[in-house]
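Hello,

Here is the structure you asked about. Please open it alongside this note; my findings follow below.

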Amino acid sequence: MRNGQFDLSGRVAIVTGGNGGIGLGMARGLADAGAAVAVVGRNDAKSKAAVEDLGKRGVKAIAVATDVTDKAAIAAMVERVVGELGRIDILVNNAGMSIRKAPHELELDEWSRVIDTNLTSAFLCSKAAYPALKASGHGKIINIGSMMSIFGASFAAAYAASKGGIVQYTRACANAWAPDNIQVNAILPGWIDTDLTKGARQQVAGLHERVLARTPAARWGTIDDFSGIAVFLASPASDFVTGTAIPVDGGYSVMV
Ligand code: NDP
């Protein structure tokens with residue numbers, strides 16, 4: 001894949017939550033296309049394994065232990081990435097979590113934890129990385145939304161609010177940073193088999209079957225389904241694509 005418009009040789013990517021799930025799927029795609037990758041997460045064992053995995057693909061990979069809700073830690077993370085990898089061309093705001101409860105049962109601290117992790121983190125990381133992305137001359141930001149950016153679910157009030165917000169934040173930044181040649185786009189995953197949804201399958205009765213019945217592709221997505229879209233949105237192939245929210249969902253969002 002290292003040729004032409006999809007070549008990421010010499011570029012540096014930060015992937016929050018890149019140590020597992022969809023983030024790791026995207027990090028692998030970016031590494032296979034030639035980008036050095038900084039994996040950002042809290043779990044050191046997972047991050048170490050991810051760095052080994054990415055390193056085997058022939059690129060430099062580092063882990064930067066960071067809580068993406070912590071502004072000071074994010075500033076230090078960006079400084080370290082620039083110090084060790086030299087630049088930042090690509091930022092993937094992927095870290096996320098959910099607390100599954102009815103809206104009237106959600107406590108304020110639970111609401112805040114979801115919004116801080118899924119939405120405010122994207123604001124903090126994008127703001128911190130902006131000077132380096134601008135300096136690169138061709139910055140790319142990829143924000144991870146959800147089907148909950150479009151639909152609602154009774155158990156996902158805070159999560160849906162955060163993921164709807166991610167799409168609007170993407171559009172605003174796409175406008176603001178177009179003059180800097182920074183493209184900002186969102187990916188909206190359908191139902192993907194990860195640690196996050198293993199929890200959902202246990203907590204929400206009948207979810208597994210409903211997802212299969214509701215998805216035209218008739219399967220759950222895998223983390224490998226995200227490597228190609230990450231390379232597209234991180235590479236010169238998408239230089240005239242900005243402010244979009246692209247479903248990667250096996251057709252879930254167009255099923256009647
Ligand atoms: P996982 O639980 O597998 O991965 C979530 C990642 O986020 C982990 O690597 C975790 O790293 C990181 N993370 C969570 N909180 C923090 C934090 N405070 N600071 C730093 N890192 C954090 O879930 P998925 O791969 O499924 O989810 C990835 C993204 O995709 C999320 O934004 C999610 O909302 C979204 N998504 C997922 C869907 C699915 O079906 N799986 C569907 C739609 C959207 P660590 O453990 O090291 O903290």
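V37 stands opposite A61 in strand β3. That pair belongs to strand β2 and β3 (residues 61-65), which run parallel to each other over five bridges. Keep in mind that this is a predicted model.

Now the other neighbour of β2. Strand β1 (residues 12-16) also pairs with β2 in the parallel sense, over five bridges. Here A36 of β2 is the bridge partner of V12.

β1, helix α1 (residues 21-32) and β2 form a right-handed β-α-β unit. β2, helix α2 (residues 44-55) and β3 form a right-handed β-α-β unit as well.

How buried is β2? Six of the six residues of β2 (residues 36-41) are buried, so the strand is largely enclosed by the rest of the structure. In a regular strand, side chains alternate between the two faces of the sheet. In β2, A36, A38 and V40 point one way. V37, V39 and G41 point the other way, and all of these are buried.

One helix contact is worth a look too. α1 packs with helix α8 (residues 227-234) at an angle of about 55°, and their axes are 7 Å apart. The angle makes α1 oblique to α8. From α1, the contact uses G25, M26, G29 and L30. From α8, S227, A230, V231 and A234 take part. The crossing of α1 and α8 is right-handed.

Best wishes

Definitions and conventions. Residues are numbered from 1 along each chain as its sequence is written. This is a predicted model: local features need pLDDT of at least 70, side-chain atom pairs count only at pLDDT 80 or more; totals for chains, interfaces and linings use all residues. Side-chain values use heavy atoms; hydrogens and water are left out. Buried means under 20% relative accessible area, exposed over 50%, partly exposed in between (1.4 Å probe, protein chains only). Helices (H or I, at least four residues) and strands (E, at least two) are DSSP runs, numbered from the N terminus. Two strands pair if DSSP finds at least two bridges between them. A crossover is right-handed if, with the strands pointing away from the viewer, the path from the first strand over the helix to the second runs clockwise. Axes are lines fitted to C-alpha atoms, for helices over the stretch in contact, and angles run from 0 to 180 degrees between N-to-C directions. Angles under 35 degrees count as roughly parallel, over 145 as roughly antiparallel, 65 to 115 as roughly perpendicular and the rest as oblique. A crossing is left-handed if the near helix is turned anticlockwise from the far one by less than a right angle, and right-handed if clockwise. Contact means heavy atoms within 4.5 Å.
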